[in-house]
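Good morning, and thank you for coming.

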Amino acid sequence: MKTSGQLPHEKQARPGSEAVLAFPDETDLRVYGPAESQSAVFGDVCPLLTSLLDGYNVCVMAYGQTGSGKSYTMLGPHSDDGPVLPLDPQSDLGIIPRAAEELFRLISENPSRSPKVEVSIVEVYNNDIFDLLAKDTVAAVSGVKREVMTAKDGRTEVALLASEAVGSASKLMELVRGSLQLRAKHPTLVHADSSRSHLIITVTLTTAACSDSTADQACSATLPREQTEAGRAGRSRRTSQGASAPQPVSGDPAGRAEQVQARLQLVDLAGSECIGVSGVTGSALRETACINRSLAALADVLGALSEHRSHIPYRNSRLTHLLQDCLGGDAKLLVILCISPSQRHLAQTLQGLGFGIRARQVQRGPARKRPPSSQMEGKRRPD
């Protein structure tokens, strides 16, 4: 988990008195204090990017109360221009721009894998899904409303979702910057630039299959030695717990290279909020209610998974329905919990820690690679 952020203004998150907790998809828990750099936190993410290139689905999710540093952790300091690349290793840019740059650096290390990278960006606002990349002149200041569905291959998808092919980290971040301009925001007494929606950035990568060792070597080239060793140790622990690497999708009869398809989901959740503290009224009050209900639904799903219930209430919220594959599926999941030690926010901090406990108690099956959609035509899973 991770706690960063200097209440009441998230854009001034570090330095501050908050801390960050990171829950990788294993039994480990790592705590980052306010003195830790963004680069150190990204050290937990980098091994997951190598897994992405190897064909595994990956999800990185930031959870916490409003103003606790989620957007800072995921994006970096607030700026009207958004994150700018290339980044300085010592900069305060967050996980999303660092992941974009590292992903394309890894791709450049082995261009023979012929990757295709596509990006889609949505926000879940008032329990509705809005496509922030849709080209619609009517929706000049907001996204286009979409519906979530289960595709023929069994994956959870957004119908008619726009996606764009990108060939560089700068192009990816250009799309992110444009989407952030459309994201719903509203000032509160706790946060002057409070996000009122859940932001989900999905990077779909179709690439030639390759071994784990290739990606490991690529990732280690730009990380400090201690972070690289920590990442390898984490991967070793996950493997020992059953997350074995399965066989890639077979090549077709024409003899073309084997390929795997994987998705990286980067999720900046809206903050849980106490109405009495935030002072919201009117439309902002409805936004707060929808945010809290969707986060409660997310906690309920994790609780049901941890207790091995026969029914998992994914459809109680469009947020959980959209994230169904990464929550209960075969993805490698990293939960980042941003908390505040302030006495004033004790109730929200305890709620956040309770969410983290539920996330840790979920016993997920082995992560496995997913073939391209064309290879899974006709296969469905129960809703």
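Let me begin with a question: does Arg309 count as buried, partly exposed or exposed? At 40% relative accessibility, Arg309 counts as partly exposed. For these words, buried means under 20% relative accessible area, exposed means over 50%, and partly exposed lies in between, with a 1.4 Å probe and protein chains only. The partner of Arg309 in a salt bridge is Glu307, with 2.9 Å between the closest N and O atoms. By salt bridge I mean a side-chain nitrogen of Lys or Arg within 4 Å of a carboxyl oxygen of Asp or Glu.

A word on the basis of these values. This is a predicted model, in which local features need pLDDT of at least 70 and side-chain atom pairs count only at pLDDT 80 or more, while totals for chains, interfaces and linings use all residues. Residues are numbered from 1 along each chain as its sequence is written, and side-chain values use heavy atoms, with hydrogens and water left out.

How many salt bridges does the structure hold? There are 16. Asp128, Lys145, Glu147 and Arg318 are linked in a network of them.

Another salt bridge pairs Glu109 with Arg105, and here the closest N and O atoms are 3.3 Å apart. The two residues are 4 apart in helix α4, residues 95-109, and are therefore separated by about one helical turn. Helices (H or I, at least four residues) and strands (E, at least two) are DSSP runs, numbered from the N terminus. Within this pair, Glu109 is partly exposed at a relative accessible area of 48%, whereas Arg105 is buried at 17%.

I turn now to Glu273. Where is its place? Glu273 sits in the loop between β13 and α8. The side chain of Glu273 meets that of Arg196 in a salt bridge, at 2.9 Å from N to O. Arg196 lies in the loop between β11 (194-195) and β12 (198-208), and Glu273 in the loop between β13 (259-268) and α8 (275-278), so the pair ties together parts that are 77 residues apart in sequence. Both partners are covered: Arg196 counts as buried at 1% relative accessibility, and Glu273 is buried at 5%.

Glu273 also makes a polar contact through its side chain with the side chain of Thr288, at 2.7 Å. A polar contact is a pair of N or O atoms within 3.5 Å; within protein, one must be able to donate a hydrogen and the other to accept it, and residues adjacent in sequence count only if both atoms are side-chain atoms. Not counting residues up to four places away in sequence, Glu273 touches several others, including Thr66, Thr188, Ser194 and Gln348. Contact here means heavy atoms within 4.5 Å.

Thr66 leads us to an annotation. An unreviewed UniProt entry places the feature "binding site" at Gly64, Gln65, Thr66, Gly67, Ser68, Gly69, Lys70 and Ser71. UniProt positions are given in the numbering used here, feature names are shortened, and annotations may be inferred rather than shown by experiment. Thr66 is found in the loop between β3 (58-64) and α3 (70-74), and at 6% relative accessibility Thr66 counts as buried. Gly69 has its place in the loop between β3 and α3, and is buried with a relative accessible area of 0%.

Next, Arg263, which is found in strand β13 and counts as buried at 10% relative accessibility. Which side chains make polar contacts with that of Arg263? One is Glu157, at 3.4 Å, and another is Asp325, at 3.0 Å.

Finally, two elements of the fold. Strand β4, residues 116-125, is mostly covered, with 7 of its 10 residues buried. Strands β4 and β5 (residues 128-131) run antiparallel and are joined by 4 bridges; two strands pair if DSSP finds at least two bridges between them. Val122 stands opposite Asp131 in β5. The hairpin of β4 and β5 has 2 residues between the strands, and Asn126 takes a positive phi near 50° there. Strand β4 is also joined by 2 bridges to β9 (residues 164-165), again antiparallel, with Glu118 opposite Ala165.

Thank you; I welcome your questions.
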